[in-house]
Amino acid sequence: MLQLNDITLKLDENLILDRISLNIQPGSIWGIIGPPASGKSVLVKTICGFFKPQKGNILFNGTDICKIPETKLLEIRKQIGMLFQNNALFDFMNVWENVAFPLRRSNPDIDPELLREKAWKRLKKVGLAGSEDKLCSELSGGMQKRVGIARATINKAPLNIYDEPTAGLDPVTTSKIYDLLLEIKRQNSSTVLAISSDVEGLRNFVDNIIVLHEGKIRYSGPEKGLETSTDPVVHQFVRGEEEGPL
Amino acid sequence: MMKQFLTNFFAAVGDKTISVFTAAKTLLLVTLNIFRGIFHFKNREKGEILKQAYEIGNRSFLFVSVTLSALGMVLVFQVCLQINKITGDQSQVGPEFIKGMIHAFVPILTAMMLATRVGAGIAAEIGSMKVTEQLDALRMSGVDPIDYLIVPRFIASIFMTFILGIYAALLVILAGAFMAHHSFGVNYNVFFVFDKVTWGDLIIGSTKLLAHGSAIPVVSGYCGLTTKVGSEGVGVATTRAVINSSLAVIILDFIISAIGLMTIQ
Amino acid sequence: MISSFFASIGEKFLVLSNILGGITYLFYQITVALIPPKFDLDEFWRNLYKMGVKSVPIIILTAFFTGGIMVIQASVFVKKFGATSLVGWGAGYSVFREVGPILLGLMFSGRVGSNNTAELATMVVTEQIDGLKALAIDPFRYLIVPRVLAMIIMLFLLTIIGTVVAIFGAALFGKFIAGVSYAGFWTSFSQNLHLADLIHGLIKAAIFGFIVSLNSCYFGISVKGGAVGVGKAVNNSVVASALGIVIFDYILTYNIT
């Protein structure tokens with residue numbers, strides 16, 4: 001599904017990603033954790049083609065997305081449903097138009113009634129029935145996250161990327177969101193890549209996990225193997241200890 | 001000491017040159033993409049151009065009216081004052097004023113006002129979308145932000161600058177006539193003489209309006225797209241949009257004036 | 001329909017009154033802070049450098065082409081009447097009294113005023129101003145007054161530089177585009193123009209500097225919302241400055257002739 005080979009990315013002379021290699025199988029759920037500024041968001045944005053790595057390649061269903069021009073990239077990106085860190089909801093559209101946007105763009109000839117119906121259904125699924133015609137700025141943080149999730153999943157894309165799906169939310173909403181993501185994953189049978197700072201919640205949600213630190217992969221593999229990792233950074237980060245290399 | 005100074009000096013000059021060239025390259029690329037985007041009809045929302053034209057007109061109608069009529073009155077006032085000192089023959093004020101307004105003052109002053117109003121608006125809007133990652137979200141839906149956001153503003157700006165320019169010319173002439181009549185006793189029928197206006201003046205005036213109208217969205221759109229993330233970013237982008245689009249207007253105006261003077265005037 | 005129309009007019013009127021009131025109050029606060037004139041001298045020098053010296057290239061560029069545009073405008077007559085003796089005077093007169101101060105004022109507002117708004121607004125949204133207050137530093141004496149003074153002084157000085165450059169530009173382009181000799185330009189310029197014309201423009205420049213500084217500080221400190229708000233504040237500030245410059249140009253032209 002998605003294969004990263006030896007990705008090295010520099011931005012303004014700063015090494016952001018250092019020889020990242022990954023192999024993500026279809027249908028799996030991967031989590032990315034790591035201390036702040038370890039390159040998590042940049043990694044997923046590189047997968048979407050927003051940054052061009054200086055070395056290495058990224059194969060998405062066999063296409064090397066580092067080598068193709070922007071026009072082709074736009075087509076590839078339609079197969080990725082992305083939830084941005086700060087939701088990135090369009091402020092010039094209301095809630096349901098936001099959710100409908102990716103669907104309308106991939107099916108330009110879709111019947112407007114059908115489009116509306118699908119968007120409303122999707123909003124009901126994430127628990128936002130009744131807010132369809134509101135402006136995004138009128139919603140609370142948790143509700144905006146849900147709109148973002150609805151928008152990221154309406155296309156039933158084969159790959160879903162969630163950047164901080166639970167940041168700034170209370171524990172009850174957090175567990176509800178993870179349940180929702182799991183349900184959507186089962187329905188769409190998609191592959192999932194999720195970034196979170198909330199290590200505990202994420203570990204319950206994913207099968208495999210990556211620990212990033214200063215642009216390097218310190219651990220990558222099944223979630224259960226995290227406990228037994230001998231890497232001091234992983235050890236300290238996962239247990240939340242004060243003493244250590246971090 | 002001297003050597004150190006020279007090294008630093010050349011390093012600074014080199015740095016500046018490189019950044020100017022990179023900026024020029026990106027600006028050229030944005031411009032090319034805009035021209036290409038004009039023909040990507042499928043990527044555009046229906047009615048988006050009309051909506052943007054309304055936005056531009058709505059945002060600037062009052063602003064252009066107030067500023068241009070005030071400027072028109074001031075310019076007539078200065079001209080009459082000077083003529084009073086020398087010959088006292090006010091009969092030529094109207095026709096020459098009308099001519100000068102059409103081929104020189106109205107295009108540049110209207111465009112300077114629009115660079116401030118519309119240019120800053122475009123940069124603030126697109127810059128905000130950049131820092132909130134809405135541009136990336138557009139790309140994730142397979143949409144090119146230049147096609148989707150800048151091309152409609154580009155087409156709308158060309159139309160609206162032209163229309164606002166014609167409106168401004170009429171307004172300025174009326175305001176000027178009012179001032180000349182009120183403060184210097186110039187008769188309206190002596191003032192409103194359009195014989196001096198040639199086809200050349202009209203062509204130069206229109207060319208300027210079209211050129212300025214297309215430069216403003218290109219320059220300010222570029223400034224918006226290259227906004228740096230951070231709380232200062234959008235403000236800096238807006239600043240750059242105002243100053244760069246004003247400068248573009250002044251230089252374009254100069255070039256068109258010079259060509260016009262040497263060919264058709 | 002009709003009631004909503006009037007409601008929107010009323011709303012706009014309220015917004016406008018709010019802004020005008022805010023600017024007047026800011027003016028009052030600055031005056032109070034100036035009696036006795038105690039303000040941060042380091043910040044004042046820093047702003048003089050940042051707002052003045054750093055703007056010289058853009059002012060020179062603007063002035064040079066403005067001179068060119070004005071001489072072309074005057075040259076239309078030369079072609080028609082062969083009136084070479086008018087060019088220096090025509091270009092110089094408009095540069096001194098109107099076009100010079102206005103265009104330079106607008107460019108100054110775009111470069112310095114909007115930069116100032118962006119800076120102050122960023123300080124507000126990142127709560128740095130509250131930080132200053134917490135350290136018992138008066139933000140008016142520390143931030144606002146030095147900037148206002150620096151802007152007035154610097155637009156005045158930059159207009160002098162700009163006027164000189166514009167006249168040079170006019171002479172240069174007059175020679176190459178309209179074929180007016182330097183000597184002819186200079187005679188026409190020096191015989192018909194007086195110090196009063198230059199002073200007329202410089203008084204305007206100082207007042208425009210004051211308008212730009214008040215506007216840019218007001219919109220900077222009254223910002224709402226994060227990065228998006230900063231962009232809006234800059235946008236509003238340059239528009240208000242342009243309006244202020246033009247309206248005051250009208251008032252001043254009447255009153256200082």
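Colleague: Which residues does Met151(C) touch, not counting those up to four places away in sequence?
Modeller: This is a predicted model, where local features need pLDDT of at least 70, side-chain atom pairs count only at pLDDT 80 or more, and totals for chains, interfaces and linings use all residues. Residues are numbered from 1 along each chain as its sequence is written, chains are lettered from A and ligands numbered from 1 in the order in which they are written, and side-chain values use heavy atoms, with hydrogens and water left out. Contact here means heavy atoms within 4.5 Å. On that basis, Met151(C) touches Met51(C), Phe108(C), Val112(C), Asn116(C), Gly209(C), Val212(C), Ser213(C) and Ser216(C).

Colleague: Is Met151(C) buried or exposed?
Modeller: Met151(C) sits in helix H6 (residues 139–178) of chain C; helices (H or I, at least four residues) and strands (E, at least two) are DSSP runs, numbered from the N terminus. Buried means under 20% relative accessible area, exposed over 50%, and partly exposed in between (1.4 Å probe, protein chains only). With a relative accessible area of 0%, Met151(C) is buried.

Colleague: What is the phi of Ser189(A)?
Modeller: Look in the loop between helix H6 (171–188) and strand S8 (191–195) of chain A. Ser189(A) is exposed there, at a relative accessible area of 58%. Most residues other than glycine have a negative phi. Ser189(A) is not a glycine, yet its phi is positive, about 40°.

Colleague: And which residue does a cis peptide bond join to Ile35(C)?
Modeller: Most peptide bonds are trans. This cis one has an omega of about -10°. In the loop between helix H1 (2–34) and helix H2 (41–52) of chain C, the partner of Ile35(C) is Pro36(C).
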